[in-house]
Amino acid sequence: SPSQDSKYLADLRRLFSVLALDPPSLQRPPSRGPRTPGLRRIQPGLSKSCGGAFRSPRPSPKPGQADRTSEDSLQLDIQKLKEKKDMLDKEISQLLSEGYSVDELEDHISQLHEYNDIKDAAQMLLGRLAVIRGVTTKELYPEFGLDMND
């Protein structure tokens, strides 16, 4: 039943979080020590000009030229987006005419998420069992009737 399935999935999620490889305390990035204001590290051998403002090797456009180039670039981007929108609208119309529905797709995606959650928990448990027994997970597949392509 759906309520049993959701309880089972909740139990698996709880088990998955308990058996996580790294406890939450180890998942946080290490904190840096205090910084001394006004001091910066400079690699030996580099000149002080490395710490200055960035200067592009590309020449700056002339004042009137920059506006025109930007406008042309934007118009081209707009045209490409309109073409992409038209193409996607055609694909949607074709899928709808073939009998596909958005609700069916959302239900299918939901079921895939649930399947992946359960599969992840099972893989983790197989890994733990393999470590305890001192074997590879591959060696456990036949014992549980699993195919290597699963």
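Aspartate 103 is exposed in this predicted model, with a relative accessible area of 61%; because exposure is assigned to values over 50%, this residue falls in that class.

In contrast to the exposed aspartate 103, the buried positions of α4 include Ala121, Met124, Leu126 and Ala130. The helix is followed by glycine 134, for which phi is positive, near 75°.

With regard to the chain as a whole, the secondary structure consists of 5 helices and 0 strands, arranged along the sequence in the pattern α-α-α-α-α. Buried residues account for 5% of the 150 residues in the protein chain.

A search of the whole structure identifies 2 salt bridges. One of them joins the side chains of aspartate 89 and lysine 85, with an N to O distance of 3.0 Å. Both partners lie in helix α3 (residues 63-97), where a spacing of 4 residues places them about one turn of the helix apart. Because an α-helix has 3.6 residues a turn, residues three or four places apart point the same way. Aspartate 89 has a relative accessibility of 35% and therefore counts as partly exposed, since that class lies between the limits of 20% and 50%.

A salt bridge is also formed between the side chains of arginine 133 and glutamate 143, at 2.6 Å from N to O. This pair links distant parts of the chain, with arginine 133 in helix α4 and glutamate 143 in the segment after α5 (137-140), the two residues being 10 residues apart. Arginine 133 is partly exposed, its relative accessible area being 42%, and glutamate 143, at 48% relative accessibility, likewise counts as partly exposed.

Key: Residues numbered from 1 in each chain as written. Predicted model: local features only at pLDDT ≥ 70, side-chain atom pairs only at ≥ 80, totals over all residues. Heavy atoms only, no water. Buried < 20%, exposed > 50% of the residue type's maximum accessible area, 1.4 Å probe, protein only. Salt bridge = Lys/Arg side-chain N within 4 Å of Asp/Glu carboxyl O.
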